[in-house]
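Open the structure in your viewer and keep the selection tool at hand. The tour goes from one selection to the next and says what is there.

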Amino acid sequence: MCERSVMDTESGVVGTSPEILLCGCFTQAPSHRDVYTLALTTSELRVQLLESPSRAPAALQLADCLGSRAFRGLSTDPGGHYFSVTAYPTLERRGRRREVSWTFRVGASPDPEEDRRTAETWAASICQLATPVVPGQAGGALRVLPRPSQLLIFLNPRGGKGTAYSLFTTHVLPMLSKADIGFNLVVTERPNHARELAHDYALERWDALVVVSGDGLMYEVVNGLMERPDWSSAIKKPLCILPAGSGNALAASVNHYSGQKQVTNPELLVNCTFHLCKGLVSPMDLVSITTSSGKRIFSFLSVAWGFVSDVDIESEKYRMLGAMRFSIGTAIRLAALRIYKGRLAYLPAEEPSASVSARTPDQLIPAAAKGEITSTPVQSHQYTPYNFCNSNNVETLEGNEEHRSSQSRSGSPGLLDSLLVPLDQPVPTTWKVVKEDKFVMVLALYQSHLGADLFSAPMVTSLNDHLIQLFYISAGISRASLIKIFVAMEKGTHMEYDCPYFVHMPVKAFRIEPFGSRDIMTVDGEVIECESLQGQVHSGLGRLISGGR
Ligand code: ADP
Ligand code: MG
């Protein structure tokens, strides 16, 4: 019934089209009524009903393909040889990926062995062509997980609505199995469990560490890795976020960078699992945060003080509502709007983002001559070890990271915050100190999204842009304006508002000094003690599985 698939072994080309690598005719399971012509090119699998050659063939993009496998027929067809293809193309309208699976029977040859080889050749070729290729694996920033890969998965059963396990079994498991990815699953038993395991486990066995939860569990894993004696190699282990929490900002950001539409769970989970199956790994900036009590924390998402951190933490009691808890928390905090007193300073990025259309601090606050508070100049010897101009201290490793060989501070010895001076000293003269000391919100954000449907930093387009986006809202803003800003944030249009109280600038480092100690401060959505802190970006220090940016 079927012709054999053939390949010209010399040229690797079949037929007249130079693009076609394999072609053949097969019946499609389960009906086996119709015969299809299949053509495999470097970018797609074309499928055409043999009886309707004039109709345009259906084309499956190999970029959307998760995997392919060859197998023998079951008891009803013990002599049959098959191959199946599974893909997750995007439905343009809703921005979600949906499974498409095809299974074909190979039956052209009188020799079953030849049919088996044909099925295996098709499956192996599809798998190979569907694996992303990155230029210059050794020197390039991107890389791909090895095949077959083995994952260590941390799942927080309490994340979000407490449905992480069922989300995992319903959406993640089938995709991992189709992509032929093995894993060990650790269901966390308590807060900090994942942090301890990331700190203690031998990591060699795993190709990637995967978090099935919200941003909080990823925060634990990142900090567990950075607290290891071998932090500099441990933090290079590819990480992956599969959103199953209520705060899924990192997952939403990765989804955005890959060019997908903004979606929430379970679509977001499917999109992120698709990236995991593809296995592309990108460098990820991490921000090193030091606090006045001597703690050192590593952050991939945000530092928040004021309105945003209050909403995040005060809405914990509505956790069973999932991401809806943030809307309720926002309404409650808006009704009881507070002012937060303290000082904010930052080191501006050299090249301000061209896309910024909200107020910049220069529009709002004049430079020194016009009344800006400028910090006291610091004697160079006071902060020489941290002085980023001291290029002898900078050792650039792959991924454009800044490492230091000396000057250890608490945690991750050898990794120095070259832009920061100790917190008990004034900031360097290259920094700017914000004139206001009363705020409604201060937010340092380094990803595009602050939640699955909070597109707070549209200027961020990759995991590795070497920048921190600093936003603040100063006291005096009306509730109406604040509501407008947060409503517009869903679509990222808040940057278009000309509100004098809402300020944004791209920075390399920042310092927040709250005057009191009773406010809520968060790092990546996790509460920390309210105290002075400062942070600086370390370019490409971590690695995250993403759509490639
Ligand atoms: P969400 O987005 O829903 O907040 P997170 O991933 O941020 O989800 O996790 C919330 C918190 O749950 C984190 O502070 C984490 O430390 C904690 N946690 C992790 N495992 C457990 C567990 N087994 N029981 C209770 N809390 C846990
Ligand atoms: Mg959280």
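Start by selecting lysine 295 and glutamate 529: their side chains form a salt bridge, with the closest N and O atoms 3.1 Å apart. A salt bridge here is a side-chain nitrogen of Lys or Arg within 4 Å of a carboxyl oxygen of Asp or Glu. Lysine 295 lies in the loop between strand 15 (280-291) and strand 16 (296-299), and glutamate 529 in the loop between strand 26 (526-528) and strand 27 (533-545), so the pair ties together parts that are 234 residues apart in sequence. Strands (E, at least two residues) and helices (H or I, at least four) are DSSP runs, numbered from the N terminus.

Before going on, note that this is a predicted model, in which local features need pLDDT of at least 70 and side-chain atom pairs count only at pLDDT 80 or more, while totals for chains, interfaces and linings use all residues. Residues are numbered from 1 along each chain as its sequence is written, chains are lettered from A and ligands numbered from 1 in the order in which they are written, and side-chain values use heavy atoms, with hydrogens and water left out.

Now colour by accessibility. Lysine 295 is partly exposed, with a relative accessible area of 37%, and glutamate 529 is partly exposed too, at 49%. Buried means under 20% relative accessible area, exposed over 50%, and partly exposed in between (1.4 Å probe, protein chains only).

Stay with strand 27 and select arginine 543, which is found there. Is arginine 543 buried or exposed? Its relative accessibility is 13%, so arginine 543 counts as buried. The side chain of arginine 543 reaches the backbone oxygen of lysine 236 at 3.4 Å. That is a polar contact: a pair of N or O atoms within 3.5 Å, where, within protein, one must be able to donate a hydrogen and the other to accept it, and residues adjacent in sequence count only if both atoms are side-chain atoms.

Next, select arginine 46 and glutamate 19. Their side chains meet in a salt bridge (3.2 Å, N to O). Arginine 46 is in strand 3 (residues 44-49) and glutamate 19 in the segment before strand 1 (22-28), 27 residues apart. In the whole structure, a search finds 21 salt bridges.

Move to ligand 1. How many residues surround ligand 1? There are 21, and the closest are Gly160, Ser213, Glu220, Arg319 and Glu526. A residue is near a molecule if one of its heavy atoms lies within 4 Å of it. Helix 4 (residues 215-226) gives the largest share of this shell, four residues.

Select glutamate 220, found in helix 4. An N or O atom in its side chain is 2.3 Å from an oxygen atom of ligand 1. A polar atom of the side chain of glutamate 220 also lies 2.8 Å from the backbone nitrogen of asparagine 192.

Two backbone contacts come next. A polar backbone atom of leucine 217 is 3.1 Å from an oxygen atom of ligand 1, and a backbone N or O atom of arginine 190 lies 3.2 Å from a nitrogen atom of ligand 1.

End on arginine 190, which also forms a salt bridge with glutamate 189, the closest N and O atoms being 3.6 Å apart. Glutamate 189 is exposed, with a relative accessible area of 64%, whereas arginine 190 is partly exposed, at 38%.
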